[in-house]
Amino acid sequence: MNEPDSTVFVVDDDRSVREGLLDLIHSVGMKAKAFSSAREFLQHERPATPACLVLDVRLPGLSGLDLQRQLRQSGQPVPIIFITGHGDIPMSVRAMKEGAVEFLTKPFRDQDLLDAIHHALKADRAAREQRAKAAELRRRYDRLTPREREVMQLVIAGRLNKQIAGELGTSEVTVKMHRGQVMHKMGAESVVELLRMAETMAIIATVQSQGQVSRKSAPPP
Amino acid sequence: MKEIARRLADSLTSLLMFRNLRESEEALRQSQAYLVDSQRLSHTGSWALDVASGKYDYWSEETYRIFEFDPQDGLPTKEAIYRRVHPEDRTRALAGDEKAIREKVDAMSEGRLALPKGIVKHIRVARHPVLNAAGEVVKLVGTTMDITEHKRAEEALRLSNTYNRSLIEASLDPLVTIGPDGNITDVNAATEAATGCYRGELIGTDFCDYFTEPAQARAGYEQVFREGMVRDYPLELRHRSGHVISVLYNASVYRDESGRVVGIFAAARDITEQKRAEEVVRESETRFRTFVDHAPDALFMLEFEQGTIIDVNRPACESLGYSRQELIGKTPLDFDVNLDRATLDAMAERTAAGETVSFDRHWHRRKDGSLFPVEVHLSLFWRGGRRFLLKVARDISERVRAEEALRSSDAERQRAELALQDTRAELERVSRETTMGALAASIAHEVNQPIAGVVTSANAGLNWLAANPPNLSKTREALERVRRDGTRAGDVLARIRGLLKRTPPTKTLVSVNQIVNEVLALTAGKLRGDNIETALALDASLPAVLGDSIQLQQVLLNLITNAIEAMAEVAHKQRTLRVQSSLGELEGKPAVIVAVSDTGVGFSNTDTEQLFEAFHTTKPQGMGMGLWISRSIIEDQGGRLTAQANSGQGATFALTIPAEHEVAA
């Protein structure tokens, strides 16, 4: 396998299923770790490497769906592959809406699970990279002065320097100077790149604060 | 009689005097023939004794016959004759002869002959002395008359008179004879008692003097003389002391041989006594009749020989629908359908031996043809020297009906009980199936889990085999799990099959903890699915109980599914199923208690008993049979099933089953 640094987590209270899954994943050369309850999983420290979760819907105590919600809200999302003994349609719909990668009914074909695992890990890897990138931009953005952030908002909104100066009640020269600072601090070569950066941050903002700002809500350049 | 004898003697004398008169020969022969005839007819023989020689020189044929000598042997000697005279009468016989000779007079005597073969004859002898010219007695002629018949008649008459007199004297009724003049001619002792006067005082006095109404008494006996008799002529007889008694006179005339009325024979009946006696008898009879008629049983008095009914009581009439008159003269054969002549006769014979013959059930046929059952007792009794049968018949319709009703209700009850057992067994099964149906998803999950494990482990095993080089150790591990999980799936299926199977309950020693674990295994999926935490507190040292494990599983399954459902209705609260087993006691004996608690909706404590009623349910889809069946199962096993609301929330159901001393393996 080409995912040596990634880990598959398994949470199932049933020993047969848990042990079977663990061994199956090992047998294809992946790292795996199994837990018998959601609580146990949450208490375990997760590595910063790509990971995915094979999760039984029904668990004693905190259920699989509850765990899914909690993980998403924690800002440390993990792609989830749900497995269930008797999954019904409403349950699977809900799980998928909440961002589940796959919803498998036991007993499942091993290839379906493994495909789902690969897909989940890949997604997690991408999500992690995206999250790292956004975090860097955020750091840069945090260095901007309030005036610079205002100018940046108006620049990515497509305003001209003269317009910005008018809106902010300042001179065009001052706007130009702020604009130069923004481009420098953010490390952007062009307004287009700055816009993409803003979009990246906006995605994060969307995820973090439930659609206050969304990609689609942003005005076209 | 004397007359005849004398005449005979005279003719005999004449005969002797004219013996030699030839001219009279023919006449004599004729006369002799008459004489023989007359002697035979009058049983009178004649004879002549020569006094000088002391020998008889003549005996007539009849004399021979009376003395039973044979004329062929010639005249018997005086000694021979003497021997035939009865020893007691010999002296008298000789004295008669001597008197006639000595006193020269006719002499009569009576006596007896004691003849051979024990025959005794009574005779009367008449003797007449015959004198010669010198006036000496030369001959004694006489007759001997056989008066045996006469004596016998006389004796009979005498005995008869004595007997009549004693009868008259023995009569309790005052009897009197009255002459045509109205004077008393004779009385009996009862008359003496009634009047207080002696016989001597009464005879010769006026009959009328002894009555309160002499004129009426006179009119009475005058009526008898006129009409020949009176019947029940009422008079009042006065005792010398003044005491008066009511009498009824029955009187008739009596006549002498010539038919002339010589007097009245009058019998008085003291009817004061009789009146009282009659009253007593009538009262007693009425009383007895009342008893008999009010007896609950039908009574039949039967004549012994033929069984003819002589009397019956009212229940006999009422039960059979015949009148008393209709029944009298019938026999029980006419209405007792179980009897025939031979049986009745045999019964009568047995009663004669002192037995009371009883029959538990005979059938009597009413006049209208309908039948009814009776219990019959037949016994013998004596009345007036005659044998009678008493048949007592008791109507047992009610009893027979009751018995039949009992019998049919017994059968009915048995059928009902069997049906109930059947129904309960069926209900138990249905209830199990319903419970299992509700658990179907959960059960499917329970089977599915190990199967999922099997499939996954098998895939893993295949992957390990496919590696280069194959990882056999890992393959073995995977196969071990496949075996383990496959077995586990099989176990779950076996438990389900066991619960769904309808097998007759068999009591064995079972471990309650084991049953709890098995049921929890079946419901684990449901518990997990409903997000219910299970808290187990099982006492591992519990003794076994004697019970049917399937039924106990059913009860626990029922309690646990109830708990799950009760908790499903409660949102956003902690859901905990607590199962606890412990040692307790039931009626002072060790018992195992299993308590199932939930944190569900619970119930108010007042509803506790209602919970166990059939068709009581709080669930929209419930049958309301679960707890009812559970309780009946536990009670069948000698235990108790109780419910209690928890102080916090939810409810606790506890079953208590008597513990066995052996500890389950």
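Q: Which element gives the largest share of the lining of the largest cavity?

A: Rolling a probe the size of a water molecule over the atoms shows where empty space is left. In this predicted model, helix H9 of chain B supplies the largest share of that lining, with four residues. Two or more residues also come from each of strand E8 (229-238), strand E9 (244-255) and strand E10 (261-270) of chain B, while helix H9 spans 214-227.

Q: How many cavities of 30 Å³ or more are found in the whole structure, and how much space lies in the largest cavity?

A: The search finds four such cavities. The largest cavity holds about 80 Å³ of space.

Q: Which residues lie nearest the centre of the largest cavity, and how does its lining divide into nonpolar, polar and charged residues?

A: Of the 13 lining residues, those nearest the centre are B:Phe207, B:Gly220, B:Tyr221, B:Tyr249 and B:Ala251. By class, the lining has twelve nonpolar residues, one polar residue and no charged residue.

Q: Let us turn to a single side chain. Why does A:Asp23 count as buried?

A: A residue is called buried when its relative accessible area is under 20%. A:Asp23 has 4% relative accessibility, and therefore counts as buried. This residue belongs to helix H1 of chain A, residues 15-27.

Q: What does A:Asp23 touch, leaving aside residues up to four places away in sequence?

A: A:Asp23 touches B:Ala460, B:Trp464, B:Lys474, B:Ala478 and B:Arg481. With B:Trp464 there is a polar contact between the two side chains, at 3.0 Å.

Key. Residues numbered from 1 in each chain as written. Chains lettered and ligands numbered in written order. Predicted model: local features only at pLDDT ≥ 70, side-chain atom pairs only at ≥ 80, totals over all residues. Heavy atoms only, no water. 1 Å grid on protein atoms, 1.4 Å probe; cavity = no way out; pocket = protein on both sides within 12 Å on 5 of 7 lines; lining within 4 Å. Points joined across faces, edges and corners; volume = space filled by probe spheres on them. Nonpolar A, V, L, I, M, F, W, Y, C, P; charged D, E, K, R; others polar. Buried < 20%, exposed > 50% of the residue type's maximum accessible area, 1.4 Å probe, protein only. Polar contact = N/O pair within 3.5 Å; in protein donor to acceptor, adjacent residues only side chain to side chain. Contact = heavy atoms within 4.5 Å.
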